[in-house]
Amino acid sequence: MTKLKHSTILLLAFILFSGTDVFGQDGYRMWLKYDKISDDQLLEQYRSQIHQIQIATDTPTLEAAEKELLDGLSGLLDTEIENRSELNRSSVVAGTPANSETIAALGLEDDLRQLGDEGYLIRHTEHNGNAHIIIAANEDIGVLYGVFGLLRKIQTNTGLDGISYETAPKVQFRVVNHWDNLDRLVERGYAGLSLWEWGTLPEYKHPRYIDYARINASIGINAAAINNVNADPLILTDQFLEKVEVLADIFRPYGIQMFLSINFHSPVRIGGLDTADPLDPGVIEFWADKADEIYERIPDFGGFLVKADSEGQPGPHGYGRDHAQGANVLADALEPHGGVVFWRAFVYDPEQDDRFREAYDEFVPLDGKFKDNVILQVKNGPIDFQPREPFSPLFGALPETNTMIELQVTQEYFGFNLHLAYQGPLFTEVLNEDTYAKGEGSTVAKVVDGSVFDYELTGMAGVINPGTDRNWTGHPFVQSSWYAYGRLAWDHTLSAEEIADEWIRMTFTNNNEFIDPVTEIMMESREAGVNYRNPLGLTHLYAQGHHYGPAPWHSESSRPDWTSAYYHKADDYGIGFDRTETGSNAVEQYHEPVASVFRDLDKIPEDYLLWFHHVSWDHEMESGRTLWEELVHKYYEGVEQVRWMQEQWNEMEGLIDDERFEHVKALLKIQERDAVRWRDSCVLYFQTHSGMEIPEQYEQPEHDLQHYIDLEHIIYVPDPWYN
Ligand code: BDP
């Protein structure tokens, strides 16, 4: 080999293996970035603790664990790491007492017992004269989670000396929901086409499918419902099931169970029946046969996710049956195979006076009527993933019905892929709310994890809607909410702030000059989004259909509950929805003392004020300002928060790669522009009711109200599904 060739090869090798530049910082790797540790001292420490690994590879899950560990450690420690059977140097030893003699010899059975099938422990332990890092679990999937757990510790630069850490998930089903249509458009997806290439499946297995599974497994996600809840019946035909089967095979080693959203009319639409009545013997047979067929292909199939009698979707009501009867026919079909039904409680009927009340009024009388293998899937709030909602009163009202929470990662109401809006604070806010269902401390999280009512089955669902965009989520920071959702589904006691810190370290850098300000940006971002859209308990002021821009003036629709006026009820007297006894009395759905607090104008936290009260414009607020002044103040504060986020971010130049720095910088510019539009639209519109001035100290809107009303129809809405 000539010298020139040799040096060219060396250069190529350098480019290929030097990490950062080759892979690019386009966000594809999400938080699973295994670039060399930049702190030299720490790097040396890790290298002295880890020379090799020892792990059995006799199952696909262990193979996946081995690969992850080798790739991760080789990258992070920037050295060749191998899997070896002899243990004569400090190693990472991963396994179960059944597949690892080393672990069996450590006598960890007592410690492992409480960790269940999925938990794991990480210990720094002596064995035959060497110190090793042990990852031990009861089952292979726990080993895989432990591998991701150890890599996370290293990625976040946590010292391993003397480490003794153990963890197990708090809920059983940790599910991601995709609202993907079979034509690959994603409802409320803002990051490209559906990940599932139906056209090339089952023959072509896109490598992305494995990375998708790795990303989810790394945060403990163990189930995926891969198609839209507004479900196309065709998903249950052979044509699609053979494709679903391949995806299920790919996900299986990563512990991810396949779920499908089903259309309640499938017996008619694809089964040739003339009814979908859940009590009809033909329908019962259809579902039982369909379940058999699916389990033939996918023996560990998880079950069905169902949106029924909601927003035009068919359901049992069409046949005079209730939700429990609808869910139970599916539950019966799945039960012999160990499958479950996630039955959604997202229902509302245009005839009702208050959409807030409906899910509770409909489902509480059915408590105890659902089969044991049904879980009711309830959105965090009573309306629909708004920037801030009080918790749904269904949490705490269903002692006899397994109940899981549904959260939204995709930013349907938070500026799509264009705004930075870390959802960690929203998720933890609702999880930590106290329902008082069984006295103080009955938090939503404890209802959901089964400890309040002893639920048989527990779970959390996150609507994630990623797509084929190179970075999966469009805005790089939407990744952080996916991460937060997964981490909280595993352990709801984590704080939004510590999750943000982890995510930043794994996704960007361990440099504190970046971590501290960016954590602050993230923690502020949700509140900023509330303030410039709908502060003080306002809600749903969106343009109809796409939910991107503001339209507080919107008052006419075939369905009043799809207008903004329905929610804000602004008039010359004041603003807000009266849900006390003088109004819809939805407050009565909460336990005491929550109901009394919400009911009382003087006690209710101001963040929820206009959710429950119609308040006069000159009502005095805690700050001493009138309601009108406070409202204006909040809208302006929201814009200032975004400007502050922008300034903070712009200071970050040079601390991370230019690619993501510039991307986020540009997006924050868009967010600032949109925040001003939201503020001006809302303030000018509400002014037509209050008749009050925007105090002089604020920058006055650049345009009149009509200008903003016109924008509603001429501004491009960045949503392919909607357009
Ligand atoms: C709303 C969305 C709609 C969904 C619906 C649901 O606007 O696209 O189909 O929720 O959750 O948030 O079923």
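1. I begin with the backbone of this predicted model, and with one loop in particular. Glu311 belongs to the loop that runs between β9 (303-306) and α12 (323-334). For this residue phi is near 45°, a positive value in a residue other than glycine, and a reader going through the model may wish to look at Glu311 with that phi value in mind.

2. Leu201 and Pro202 are joined by a cis peptide bond whose omega is about 0°, and Pro202 sits in the loop between β6 (173-177) and α8 (208-218). The peptide bond leading from Glu592 to Pro593 is also cis, with omega near 5°, and here Pro593 is part of the loop between β14 (574-575) and α20 (594-599).

3. Which side chains place an N or O atom beside an oxygen atom of the ligand, and at what distance? For Glu187, an N or O atom of the side chain is 2.4 Å from an oxygen atom of the ligand, while a polar side-chain atom of Glu412 lies 2.5 Å from a ligand oxygen. The side chain of Asn230 likewise has an N or O atom at 3.0 Å from an oxygen atom of the ligand. Taken alone, the ligand would expose 320 Å², of which the protein buries 98%.

4. The last point concerns the packing of two helices, α9 (residues 238-251) and α11 (residues 281-297), which meet at an angle of about 35° with their axes 10 Å apart. The crossing in which α9 passes α11 is right-handed. On the α9 side the contact is made by Asp238, Leu241, Glu242 and Glu245, and these residues meet Glu293, Ile294 and Arg297 of α11. How do the residues of this contact divide between nonpolar, polar and charged? There are 2 nonpolar residues, no polar ones and 5 charged ones in the contact of α9 with α11.

How values were computed. Residues numbered from 1 in each chain as written. Predicted model: local features only at pLDDT ≥ 70, side-chain atom pairs only at ≥ 80, totals over all residues. Heavy atoms only, no water. Axes fitted to C-alpha atoms, helices over the stretch in contact; angles between N-to-C directions. Helix = DSSP H or I, 4+ residues; strand = E, 2+ residues; numbered from the N terminus. Left-handed = near helix turned anticlockwise from the far one by under 90°. Contact = heavy atoms within 4.5 Å. Nonpolar A, V, L, I, M, F, W, Y, C, P; charged D, E, K, R; others polar. Polar contact = N/O pair within 3.5 Å; in protein donor to acceptor, adjacent residues only side chain to side chain. Areas by Shrake-Rupley, 256 points an atom, 1.4 Å probe, with all protein chains shown as cover.
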